[in-house]
Amino acid sequence: MKPHLKEYAYPAILEFIKEQTKGKKCVVIGLSGGIDSAVVSKLCCDALGPERVFNIIMPSSVSSKKDVDDAQNLCTEFGMNYKVIQLDTLINAFSAILDLHDPLLKGNIMARVRMTILYHHAHQMDGVVMGTGNKSELLTGYFTKHGDGGVDLLPIGDLYKTEVRELAERIQIPQTIITKSPSAGLRAGQTDEEDLGVKYEELDQILLGLEQLMSVDEIQKETGLEISIINSVFDKYQSSAHKRKMPLIPKLGIRTIGCDWRE
């Protein structure tokens, strides 16, 4: 039981990007040098043309030089516009007034600073901020609220990480990006799978079972994975529900935003 990329996924995402960006001059993307942002950037390039894609590379002192090089090389290869903005001055300014000794707190600040920069440029350029989160991250809450989670559109938000890898191969993302260990780049040596406590191949099997309304016992029987790992993923899903919703509003009127007011 593993997720597999649907044949219609690529053309459907391109159509989504075209339709949802009508009337805007460009899309703005935070390009990290990792697979998710590379795939989103290339999808936007295929859908809109490279001249309407503006990538912002935002390294800090904990960033890998290879990630920065990979991001720049991707832009050059496909003819997309990009800009490099160093984050250290901004992060140091926050550190001067906030207690950021906890790496998690510092990472959250960094993610929110990045999104502030993206929205600043999108406003200036009459653009749309394109998110790079995938389904595996969204379902486990592996993103920063009002940071990388605060975007306008999520073109790969219905693709599990393993499906993103399949799509990356299909749209000819460089192998140097596809094969590297996924990382949010928020602290030195950090990897996604270490943070999550499970490999993406296993995580996606569990989440697919969750999507199909299977019980923990049914997922264990189907996948052969340890119950403790499955329970851990279920806990992440349940505890991060607030990240996938609008802020709760007490119901007082006939129709309430986020409850029964449908757009």
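Reply: Here is a quick tour, from the whole chain down to single residues.

Me: Ground rules before we start?

Reply: This is a predicted model, where local features need pLDDT of at least 70, side-chain atom pairs count only at pLDDT 80 or more, and totals for chains, interfaces and linings use all residues. Residues are numbered from 1 along each chain as its sequence is written, and side-chain values use heavy atoms, with hydrogens and water left out.

Me: How many helices and strands does the protein chain have?

Reply: The protein chain has 12 helices and 4 strands. Those are DSSP runs, numbered from the N terminus: helices are H or I with at least four residues, strands are E with at least two.

Me: What's the radius of gyration of the protein chain?

Reply: 19 Å, close to the 18 Å that the globule rule gives for 263 residues, so the chain is as compact as a globular protein of that length. The radius is taken over C-alpha atoms, and the rule is 2.2 Å times the number of residues to the power 0.38. Along its principal axes, the C-alpha trace spans about 50 × 45 × 45 Å.

Me: What share of the residues counts as buried?

Reply: 47% of the 263 residues. Buried means under 20% relative accessible area, exposed over 50%, partly exposed in between (1.4 Å probe, protein chains only).

Me: And contacts between residues at least 6 apart in sequence: what percentage joins residues at least 24 apart?

Reply: 72% of them. A contact means heavy atoms within 4.5 Å.

Me: Switching to helix 1. Which of its residues are buried?

Reply: Ala9, Tyr10, Ile13, Leu14 and Ile17. Seen down the axis of helix 1, they fall within an arc of 130°, so they line one face. The arc is that of the directions from the helix axis to the C-beta atoms.

Me: Why does that spacing work?

Reply: An α-helix has 3.6 residues a turn, so residues three or four places apart point the same way.

Me: What do the buried residues of helix 1 pack against?

Reply: Helix 2 (35–48) and helix 7 (161–170).

Me: Now helix 3. What's its reach from first C-alpha to last?

Reply: Helix 3 (residues 65–78) has 14 residues and reaches 20 Å, close to the 20 Å expected at 1.5 Å a residue. The expected span is 1.5 Å times one less than the number of residues.

Me: Which residues of helix 3 are buried?

Reply: Val68, Asp70, Ala71, Leu74, Cys75 and Phe78. They cover an arc of only 165° around the axis, which puts them on the same side of helix 3. On the other side, Lys65, Thr76 and Glu77 are exposed.

Me: What covers that buried set of helix 3?

Reply: The cover includes helix 2, strand 2 (53–57), strand 3 (81–84) and helix 8 (175–178).

Me: Back to helix 7. At what angle do the axes of helix 7 and helix 10 cross?

Reply: Roughly 120°, and the axes come within 8 Å. Axes are lines fitted to C-alpha atoms, for helices over the stretch in contact, and angles run from 0 to 180 degrees between N-to-C directions.

Me: Which residues make that contact?

Reply: Lys161, Thr162 and Arg165 of helix 7, with Tyr200, Glu201 and Asp204 of helix 10.

Me: Last one. Is Val113 buried or exposed?

Reply: Val113 counts as buried, because its relative accessibility is 7%. Val113 is found in helix 5 (residues 103–125). Not counting residues up to four places away in sequence, Val113 touches Leu87, Leu90, Ile91 and Phe94.
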